[in-house]
Every structure is written in structure tokens, then in C-alpha cells.
Amino acid sequence: MRILPVPAQPDQGTPPTVNPQSTPPVPPPSLPVRKVLTMKKPFRAGEYAIEKFIQSVAIISLVLIGLIFVFVFREAYPLFTGKVLAAAPQAQVEEAETYGVDPGAPDIVEAPELEQNQENFKPSSLVGPSWQPVSLDPKFGLWSLLAGSLKVTLIALLIAGPVGIFAALYTSNFAPKWAREGMKPAIEILAGFPSVVVGFFALVIMASLLQNIFGFQYRLNAFVGGVAMALAVVPIVYTVSEDALNAVPKVMMEASLALGATRWETALFVILPSATPGIFAAMILGFGRAFGETMIVLMATGNAALLTASLTDPVRTLSATIGAEMAEVVFGDTHYRVLFFVGALLFMISFSLNAVAEFFVRNRLMKKFKGA
Amino acid sequence: MNKTISAGLGLTLAAFALATAKETITVKGSDTMVILAQRWAEKYMATHPDVSVQVTGGGSGTGISALINGTTDICDASRKMKSAEREKLKQRFNSLGVEVPSARDGLAVYLNDASPVAELSLDQVKDIYTGKVSNWKDVGGPDAKIVLYGRENNSGTYVYFRDNVLKGEDFAPGMQSLPGTAAVVNAVSKDKLGIGFGGSAYAKGLKFAKIKKDASSPAYEPNGETVKNGTYPITRYLYMYLKSRPTGAIKNYVDWTLSPEGQSVVTEVGYFPVK
């Protein structure tokens, strides 16, 4: 940038000699000035350091989320550019030498090593019903996995939704103080329950129980997984709906009661509808939790990649697939990339659901009550 | 005072040095073999206090990649090393690896105790697991659907079964994959219509199907004799893999596992000796 020469400004600021006030302006008393100055910038190193430390912690967590995001997508990306690690050409490598073999022992004839069909991966092969990644002719169709995740999530929400919402309605409107103070922490402890414990309980006890009651063909199935998952989802639905119900202004309840409505009518027809956006957000957060949960479904759903309409067939979910297969996959090959793509898919789904839930709570609920 | 302190310090340091001077052998790999490997390690360390054997599981694939990366001395595997893996080992260490068949395992086909089916031919097992046969009545059972249980696709047992029993065909999509042989055993023991597969060491509370090589040959149950003389048709080796021919402490350990004492541990755990 060029600095322009500043022209003289004769019209502004009369020369001091023409000032009607002959006496020069009295400087303000020096003491207050000094006081103001000393109070303005008290540099305290300790405080500064703490402030910066807290700030950097916040920034680090943001950066970490960003890095995870980048990493997951970067690992999945080569699927779409066709730059998946080409499998090493199956050159005939010599056999390993053996050690300590007794020549007299009857030998075991094992099948010769079978070659995997290493055709180039096309993104379109992600669209298909068949998930057979370790087959000799690998198939990476995601439909059955997606359907599995949706089935389990749907069942979990159908159970956890009503339970969580009505429990919240009870504690926020009807429960005596002692019950409220006992129930809220109790349900919230359920949220901190390790999901592997829930899964194990479902695998060993709940599955047999439900099979005896309903006579399922398959002992482990989407329904068992969904019921177990409901245990993990109830606390989320409960906590968020309870907050939403408590946020409904007291005047609405008072007005309704004053008009002669009973407490049940008030709760069901006045308070519950006013809290709808918050409850909707609760359901969406519950959906996100159920969709991403791994351990429970890995243990309780049977893990068969079936694409059927029945809710009592075994299913394999997206998250359980990652959980089961990631540990042994060959680093960098197609299967590895597809698993990362599944991870990216889960990430995007839960990210957008959280965004939608946030939007509903922030905008709708607040607008409704503040009349904006 | 000072002297005692320094003497004590010296003693601790010396003890420390001694502890670290202890020869350490790391063993990693197959989950099928992890019980066997641990039992071997315990017994060996009891008689050889100067050697420490550290055993971890994780699966055959995990063990082999650890061997390739040089993070383990011995790798346990329930399947043969693949040529791609041997190729990697060769690039890294200029060695194709050394294979030590250290036990035999009869891969059992599990049936529920209440199942009326007693024997199956290999072809029938194949048809059941590929989904060609889905009703028990086709293989001599009641008129009811067959419920398939199997292992996750990352296990050596899954790959062995696919290559040797299914002859490379895919498992039926309806097969329920369970994490670990114990889970398969548990599921089949609770499911009257269930069928599963896995090592014969694990089975409690269910029965083994007798397996026929083909429709006309006699059926054998996996037991010490049939697995040892090779008449049981689904028999495999359990291997230890090394980077190079063993020397020193590792050689002593490997030789011990193949000795009558080591092989008696194999029988205790429920597998079958190689000698």
C-alpha cells in the first residue's frame, strides 16, 4: 500500500494563540490518573499462564476432532480414486523350511493356498446386499449392514423412547422430591454402565429368556440386540427429555391447572407438547448412540449379514463390522479402506444427527418459549 | 549409615541387572493356541527360572504381522503362512521363516446334545455351511431349519474351514459369526438346531459330529487316535513360526515343546501331539 502525503489541514483546529481561553488547560490531578493506569494492566504471570493453558486445552480438543475427521476420511479416500494398494502379485514363493518334524508321522494334506480374485475395486460395489470381505471373490455390499444397524436402532428407540420420555414426565411432574432425587441419579448411572457388560448380559441371559418367551427361531437376533441397546439408550432419552420438560415455564402449568385441568391432563396435553422439540432432540441423540454402539450389538445380534425384513433374524451392524474385522485386516488393502469408509459413514451420520438435534433445541425450543 | 545405603542400592541394582539379564522369549498369535502356549510357558519357566516366556494372543494374522515387524520371537498360527506373508518376511529379513508344526488339532463339527444327527459327510458339512442344505431333514434330522454358527472372518479357523471344507466357496450369509470358539460352543450347546465348528479342545456340553470323508467311507470322531493317524478328515497342524533356525534360548524352548514333556502338555490342553 502506498502512503499518501497528508495535506495540511488549515481549516481544522484553530491555532492555540487564537484560543479564547488564555490560560492553558489545567491538567487533571495526577493521583487519580496514576491510579487508573495501575489498575488497568496488572500483569500477573500466573493468571496469564492458566488462561492460556485452558485455552490451549480447548483448542487441542478441537484440533483432535479435526484430525480424527481428516484421518478417517483420508484412509477411506483411495477407494474412490482407485488407488487401493494393489495386492502383491501371487508369485510362487518357496515354502518355509520346517523344523523338528518327525518324518514318520502321518502327514496332513491341507488344501493348497487358494488365490483371491483381485479385481480392481469400484465404488459401485459398495452398493449391494452381500458382505463377504474375506471371500475368494470379495464382496463389499453395505446394504445388509445398513439395514442391520437401522433395525437394531429402530427397536431400541421404540422401547427406549416411551420408557425414557414417560420416566422423565414422571420425575419432572409427579414424583415427590425423594423419588426424583433417587431416580435421576439411578437412571444416569445406567448411562455409565460399560456396554460390554450389557452385551454380555444380553448374550448369556437375555437371549435365552426372550427366545423362551417369544419362541424365536434364532437365539441371537436384531430384537435381542435392540432390547439390550434400549438399556443404553434410555438414560440419554431420559436426561435430555427431563431437561426439556423442566425448561417448560411454570406459568403454563399453573395456567392449565387454574383452568381446571387435572395434573395428568396438564402433563400430557400442555407440558409434553410444549417440550416436543427437546424430546425430539432426545430421540435423535438416542438414535445416534444406538447407531454407533458397538459392543452390545457385536455380542447380542448374531452378526450375520442378512438383508431381510424380519426383525427377529440375526443382523450385522456397521459398527460391529468394524469392531470385529478391523483388528486383523491387511493394512492398506481394499477391505481396510472399506472399513474406514464404514467408519466415515458412521461419523457423518452421527455428526449430522447431532447437528440436527442441536438445531432443534437451540432454535425451536428457545423461540417457542421466548416468543421471538 | 551411608555405607549400608550404598550397599543396599548396589544390591538392588544388581538384582535389577539380574532380572533384566533374564532371557525373554515373546510368543504372539493364534487365539486357538493361546491356552496351549500359556501352559507351555508356565511349565517351562517353572523348570527354567532364567528364562521368561511372554505369551499374547490376538489371532494368527496379528502374530504373523508381529513376526514380520520383528516385535515377536515366536509366532503361533493355526494356519499356514500365506505366500504374500512369506514374501514380506523375505523382504524384511531375507528368510522365508521356519515352520514348526507343534501340535495337531481335529477341527470338530459341534452339534447340540439333543440333536438326532450323529454323523455327516464332508460334502454334507460343505452343503450345510454354503447354504445349499438348510433343513435338518436333508441330512437325517428332524424337519427344522439349520441354525449356522461360525467364527468371525478374521480367524484362522474360518479361513481353514473355508479352504479345506468349503473348498473355497463362501459361507452362507445367514451364518452367525461369533467372537471366539467358546462363544460358538456356548451357542450350540443352547440351540437344539444349531451346528458349529471349532477346535476339539473346547467342547463342553455338546457333542461332536462323526465325520465321513465321503458318503461311503466310515465316520470318525475326533479323538487322540483318529487325529494322530490322520483318519479324521478335518485335521490341521498348529504351528509356531520363527524368523530363522532357532538358536540359544529359543532353540531350547522350541525343542522342549516338541519333547515328550512338552507334547504331554498338548494332550492336557485337549489337542493332539505331533509325535
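**Figure 1. Strand 12 of chain B and its pairing partners in the predicted model.** In this predicted model, B:Ala77 has B:Tyr239 of strand 12 of chain B as its bridge partner. The pairing between strand 3 and strand 12 of chain B is antiparallel and comprises four bridges. Which residues of strand 12 of chain B are buried? Eight of its eight residues are buried, so strand 12 of chain B is largely enclosed by the rest of the structure.

**Figure 2. Helix 3 of chain B and the elements that cover it.** Nine of the ten residues of helix 3 of chain B are buried, and the helix is therefore largely enclosed by the rest of the structure. The buried residues are B:Ser60, B:Gly61, B:Thr62, B:Gly63, B:Ile64, B:Ser65, B:Ala66, B:Leu67 and B:Ile68. Their cover includes strand 1 (23-29), strand 3 (74-77), helix 4, helix 6 and strand 12 of chain B. Just after helix 3 of chain B, B:Gly70 adopts a positive phi of about 75°.

Figure 3. Strand 5 of chain B runs parallel to strand 10 (residues 210-212) of chain B, and three bridges join the two. One of the residue pairs here is B:Leu120 with its bridge partner B:Ile211 in strand 10 of chain B.

Figure 4. Eleven residues of domain 1 of chain B are in contact with twelve residues of domain 2 of chain B. On the domain 1 side of this contact there are two nonpolar, six polar and three charged residues. Chain B contains ten helices and twelve strands, and its C-alpha atoms fill a box of roughly 85 × 40 × 35 Å along the principal axes. Buried residues account for 49% of the 275 residues in chain B.

**Figure 5. The contact between chain A and chain B.** Chain B contributes 45 residues to the contact, and chain A contributes 40 residues. Among the elements giving two or more residues to the chain B side are helix 3 (60-69), helix 4 (83-93), strand 4 (98-111), strand 12 (235-242) and helix 9 (248-258) of chain B. The chain B side consists of 16 nonpolar, 15 polar and 14 charged residues. Strand 1 (residues 97-98) of chain A pairs with strand 4 of chain B in the parallel sense, over two bridges. The bridge partner of A:Glu97 in strand 4 of chain B is B:Val98.

**Figure 6. The largest nonpolar core and the surroundings of A:Val233.** The largest nonpolar core has 155 residues, of which A:Met229, A:Val233, A:Val237, A:Ala300 and B:Tyr110 touch the most other members. Helix 7 (residues 222-246) of chain A supplies the largest share of this core, 17 residues. Domain 1 (3-104 + 237-269) and domain 2 (108-233) of chain B each provide at least three residues to the core. In soluble globular proteins, nonpolar side chains tend to be buried together. Neighbours within four places in sequence set aside, A:Val233 is in contact with A:Ala156, A:Leu157, A:Ala160, A:Gly286, A:Arg289 and A:Ala290.

**Figure 7. The loop of chain A that holds A:Thr262.** A:Thr262 lies between helix 8 (250-258) and helix 9 (263-274) of chain A, in the loop that links these helices. Is A:Thr262 buried or exposed? A:Thr262 is exposed, because 10 other C-beta atoms lie within 10 Å, and a residue with 12 or fewer counts as exposed. A:Thr262 and A:Leu169 are 93 residues apart in sequence, and their C-alpha atoms are 15 Å apart in space.

Conventions:
Residues numbered from 1 in each chain as written. Chains lettered and ligands numbered in written order. Predicted model: local features only at pLDDT ≥ 70, side-chain atom pairs only at ≥ 80, totals over all residues. Core = buried A, V, L, I, M, F, W, Y, C linked by C-beta atoms within 7 Å. Buried ≥ 20, exposed ≤ 12 C-beta atoms within 10 Å, placed from the backbone. Domains from an automatic or database assignment. Contact = placed C-beta atoms within 7 Å. Nonpolar A, V, L, I, M, F, W, Y, C, P; charged D, E, K, R; others polar. Pairing = 2+ DSSP bridges.
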